[in-house]
Amino acid sequence: MLEQLQEILSNKLKVSPEAITPEATREDIELDSLAVVELSLLLKSELDLDISDDDLLETETVADMVRLMEERSAKV
């Protein structure tokens, strides 16, 4: 899941791949609220994961996002 998230963040949202580490915060990778909305839509279209932008905004780090993605994919 981490690799998939890294790919989406770097290719679609133009986040520097070097910045996308598990301990990086949303602020570290410059993911503002608008980018979080876009990420939510991309997770749905690219990975068929239904994660709201509100849920993503509650995460603090990339690792938290990956954990949320794993939880949602397990429910499918």
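**Charged side chains and their surroundings**

Arg72 has a relative accessibility of 21%, which makes it partly exposed; buried means under 20% relative accessible area, exposed over 50%, and partly exposed in between, with a 1.4 Å probe and protein chains only. Before going on, note that this is a predicted model, in which local features need pLDDT of at least 70 and side-chain atom pairs count only at pLDDT 80 or more, while totals for chains, interfaces and linings use all residues. Residues are numbered from 1 along each chain as its sequence is written, and side-chain values use heavy atoms, with hydrogens and water left out.

The partner of Arg72 is Asp55: their side chains form a salt bridge, N to O, at 2.8 Å. A salt bridge here is a side-chain nitrogen of Lys or Arg within 4 Å of a carboxyl oxygen of Asp or Glu. Asp55 sits in helix α3 (residues 53–58) and Arg72 in helix α4 (residues 62–74), so the bridge ties together parts 17 residues apart in sequence. Helices are DSSP runs (H or I, at least four residues), as strands are (E, at least two), numbered from the N terminus. Asp55 has a relative accessible area of 22%, so Asp55 is partly exposed.

How many salt bridges does a search of the whole structure find? The search gives four, and the Asp55 and Arg72 pair is one of the bridges described here. Another joins Glu46 and Lys12, with 3.5 Å from N to O. This pair links distant parts of the chain, with Glu46 in helix α2 (residues 33–47) and Lys12 in the loop between α1 (2–11) and α2, 34 residues apart. Glu46 is partly exposed at 41% relative accessible area, and Lys12 is partly exposed at 42% relative accessibility.

Asp64 and Arg67 form a salt bridge as well, at 2.8 Å, N to O. These two residues both belong to helix α4 and are three residues apart, about one turn of the helix. The relative accessible area of Asp64 is 22%, so Asp64 is partly exposed. For Arg67 the value is 45%, and Arg67 too is partly exposed.

Next comes a charged residue without a bridge. Where is Arg26 found? Arg26 is in the loop between α1 and α2. Arg26 is buried yet has no salt bridge, and the nearest side chain of opposite charge, Glu27, is 4.2 Å away. Contact means heavy atoms within 4.5 Å. Apart from neighbours within four places in sequence, Arg26 is in contact with Leu31, Val36, Leu56, Leu57, Thr59, Glu60 and Met65.

Leu13 is found in the loop between α1 and α2, and Leu13 is buried, at a relative accessible area of 16%. Residues up to four places away in sequence aside, Leu13 touches Ile8, Leu31, Ala35, Glu38, Leu39 and Leu42. Glu23 is ten residues from Leu13 in sequence, and their C-alpha atoms are 19 Å apart in space.

Two charged residues deserve a note on the backbone. Most residues other than glycine have a negative phi. Lys14, which is not a glycine, has a positive phi of about 60 degrees. Lys14 lies in the loop between α1 and α2 and is exposed at 67% relative accessibility. Asp48 has a phi near 55 degrees, again a positive value in a residue other than glycine, and Asp48 is in the loop between α2 and α3.

Last, the setting for these side chains. The protein has four helices and zero strands, and from the N terminus on the elements run α-α-α-α. Buried residues make up 36% of the 76 residues. Of the contacts with a separation of 6 or more, 53% come from residues 24 or more positions apart. The protein has 7 positive and 20 negative charges, whose mean positions are 5 Å apart; Lys and Arg count as positive and Asp and Glu as negative, while His and the chain ends are not counted. The place of a charge is NZ of Lys, CZ of Arg, CG of Asp or CD of Glu.
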